[in-house]
Amino acid sequence: MKKIEAIIKPFKLDEVREALSDVGVTGLTVTEVKGFGRQKGHTELYRGAEYVVDFLPKIKLEIVVADETVEPAIEAIIKAARTGKIGDGKIFVSSVEQVVRIRTGEANEAAI
């Protein structure tokens, strides 16, 4: 099993969710986060005053999938989230040793 964490632009969330659903991903966790990479924030003007926005709003998706679903899920995220502009995001994949469904006690693949 693998955990996929994807940082994407907020307006791409619905497209990414639909794309993941199409490849068989049944559950995900979404968190609103702030951060920056190469974008390094930007300057905005508000009521005549200029200020720097260092951290930009992003969405963090967390998905745990079976090993055979990892590549299709990654491809779905890339296809749905890509705009071709800086700040499209990143995908991180890590191993998951154990999963337990609290309600039933099911473990590992059965608990996904």
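In this predicted model, helix α1 meets helix α2 through Glu15, Val16, Ala19 and Leu20 on the α1 side and Ala73, Ala76, Ile77, Ala80 and Ala81 on the α2 side. Sorted by class, this contact has eight nonpolar residues, one charged residue and no polar ones.

Helix α1 covers residues 13-22 and helix α2 covers residues 70-81. The two helices pack with their axes 8 Å apart, at an angle of about 150°. Angles over 145 degrees count as roughly antiparallel, so α1 is roughly antiparallel to α2. The crossing of the two, α1 and α2, is right-handed.

The strands come next. Strands of a sheet pair through backbone hydrogen bonds, in either a parallel or an antiparallel way. Here an open sheet is formed by four strands, in the order β2-β5-β1-β6, and the pairing is antiparallel. At the edges lie β2 (29-35) and β6 (90-95), each of which pairs on one side only. On average, and with direction ignored, neighbouring strands of this sheet are turned by 20° against each other.

One pairing can be followed in detail. Strand β1, residues 2-8, pairs with β6 in the antiparallel sense over six bridges. Within this pairing, isoleucine 7 has lysine 90 in β6 as its bridge partner.

Both helices also pack on the sheet. Helix α1 touches β1, β2 and β5 (56-65), and its direction makes about 10° with that of β5. Helix α2 touches β1, β5 and β6, and its direction makes about 5° with that of β1.

Methods
Residues numbered from 1 in each chain as written. Predicted model: local features only at pLDDT ≥ 70, side-chain atom pairs only at ≥ 80, totals over all residues. Heavy atoms only, no water. Axes fitted to C-alpha atoms, helices over the stretch in contact; angles between N-to-C directions. Parallel < 35°, antiparallel > 145°, perpendicular 65-115°, else oblique. Left-handed = near helix turned anticlockwise from the far one by under 90°. Contact = heavy atoms within 4.5 Å. Nonpolar A, V, L, I, M, F, W, Y, C, P; charged D, E, K, R; others polar. Pairing = 2+ DSSP bridges.
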